[in-house]
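Me: I have a model open and would like to learn how to read it. Could you walk me through a feature or two?

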Amino acid sequence: MRKLLLQADHVIPMTPGNEVITDGAVVVDTVTGIILDIGAAASVRARHQEATVRSLPNRLLMPGLVNGHCHSGILRGTAEGLPVWQWLQEFIDPMHRVLTPQEAEIASRLCYAEALLSGTTTIVDMWRFMHGSALAAKELGIRATLVPYVAEHPDHDYFETLQSNEEVIKTWHGQANGRIQVWVGLEHMFYAVPQAWKRATAMCRDYGVGLHTHSNESQFDVVETQKRYGLRPVQALEKFGLLDAPRVMLAHGCWLDDAEISLLAERGNIGVIHNPTSNMKLASGVAPIEKLLAAGIAVGLGTDGEKENNNLDMFEEMKFASLLTKVSSMNAAALDSWEVCRMATIGGARTLGLEQQIGSLEVGKAADVIAVRTNTPRMTPLLCGKYLNLHHNLVHAVQGGDVELTMVAGQIVVEDGHLKTASIASLIADANAVVPGLFERREAWLKNQRAVSRGAI
Ligand SMILES: [Zn+2]
């Protein structure tokens, strides 16, 4: 069974023109993982009579979703109700100080499973000890761009380093038939000394990979950058050479001003990832998404981590992206549903520089395809033609649990809503087993810190 023909009630290729193919089909080469054909089912079937047919009635097919900014993790629901910088100092950074490689790998396995089950086929993960994450991505079958959480600063000597990042690049970049990519990750400009900024950019150039970092997330970020360097964050990133990597992805961008947006647009190699749930939850702000799109900047969508969200459901993220822009601009017509669908697919692919490979269903592209159930109350009525509502339902009605089939590079990894590549029960058991120890070690570290600052040690 080399050729697999997926036939469904609707196929949404996410190509320019917002086409919806009613009774459509996609033909996949399961060996190369490439899309061979797409179109109306009758003609596609006539052209590929030897193909194995997988009929998916009451389903729609669309490109797999691209989660452009995520962190693997196992802190879900345990660090709530704090603004971002306080939250980092009191919960997140102390966790990083005591995290073990084994715990980090378990977190990646859990998160990639959750992502695949809810229709994400590509994930950008900024995390720790990422050899384990690479193994998880390889085995679970997700497409992943791994960006280690690098810090090169005496105050943050417990993170990944440029050296450990380089090791992950050397070992894993391009592995699993190109499914795994490794970029240079920088937690934040403040987490590195100036010499490290230069080394980070040089490493990106040497290996031909991109740079991913957080920027303009909170007002604190802007105020503190202005205090330290007399510049706004994007201007500082430019001055320090961090925008000179072949590609740059900035997560959040809530507090980008017009001059910064112009600068990003002029450079052309920079994408911004919108994380509406995280931005609302941590009260970080509202990213100027319509301005970024109007400036022609590649904009993707990301869930951020399990601790900021608290799930990795990209369909929910699409809904919040739409709603947040509408309410913040007091304009119910803001951010059209097609635009949101693009951000979650081809827009995310553009931010990664992978728009020729993924993000839409087109001949020659990777077969990253999902099937979504349409015979559910929340998808009814489902209309095409004059009363087309399919795109609005995809953004505002669907939930990740409606994904029935997830295919990455021509391989079905989720079938009938079940992950085929790992035991979910084992992944959950592993996470539950290690969490208490992680929390106890964090508490012990914080207790020791308080004693040190009181002068007791
Ligand atoms: Zn983040």
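**Reading a metal site and a loop residue**

Reply: Gladly! This is a predicted model, where local features need pLDDT of at least 70 and side-chain atom pairs count only at pLDDT 80 or more, while totals for chains, interfaces and linings use all residues. Residues are numbered from 1 along each chain as its sequence is written, and side-chain values use heavy atoms, with hydrogens and water left out.

Me: Which residues are the protein donors of the zinc ion?

Reply: Donors are N, O and S atoms within 2.8 Å of the metal (3.2 Å for Na, K and Ca); water is not among the atoms, so sites may look incomplete. Here they are His69 (NE2), His71 (NE2), His214 (NE2) and Asp304 (OD), 2.1 to 2.5 Å from the zinc ion. Their sequence spacing is H-x1-H-x142-H-x89-D. His214 sits in strand E10 (residues 211-215) and Asp304 in the loop between strand E13 (298-301) and helix H12 (306-309), so this pair ties together parts 90 residues apart in sequence. Helices (H or I, at least four residues) and strands (E, at least two) are DSSP runs, numbered from the N terminus.

Me: Is His214 buried or exposed?

Reply: Buried means under 20% relative accessible area, exposed over 50%, and partly exposed in between (1.4 Å probe, protein chains only). His214, at 6% relative accessibility, counts as buried, and Asp304 does too, at 2%.

Me: Which residues is Asn389 in contact with, leaving aside its neighbours within four places in sequence?

Reply: Contact means heavy atoms within 4.5 Å. For Asn389, those residues are Pro381, Leu382 and Leu383. The Asn389 side chain reaches the backbone oxygen of Pro381 at 2.7 Å.

Conventions:
Polar contact = N/O pair within 3.5 Å; in protein donor to acceptor, adjacent residues only side chain to side chain.
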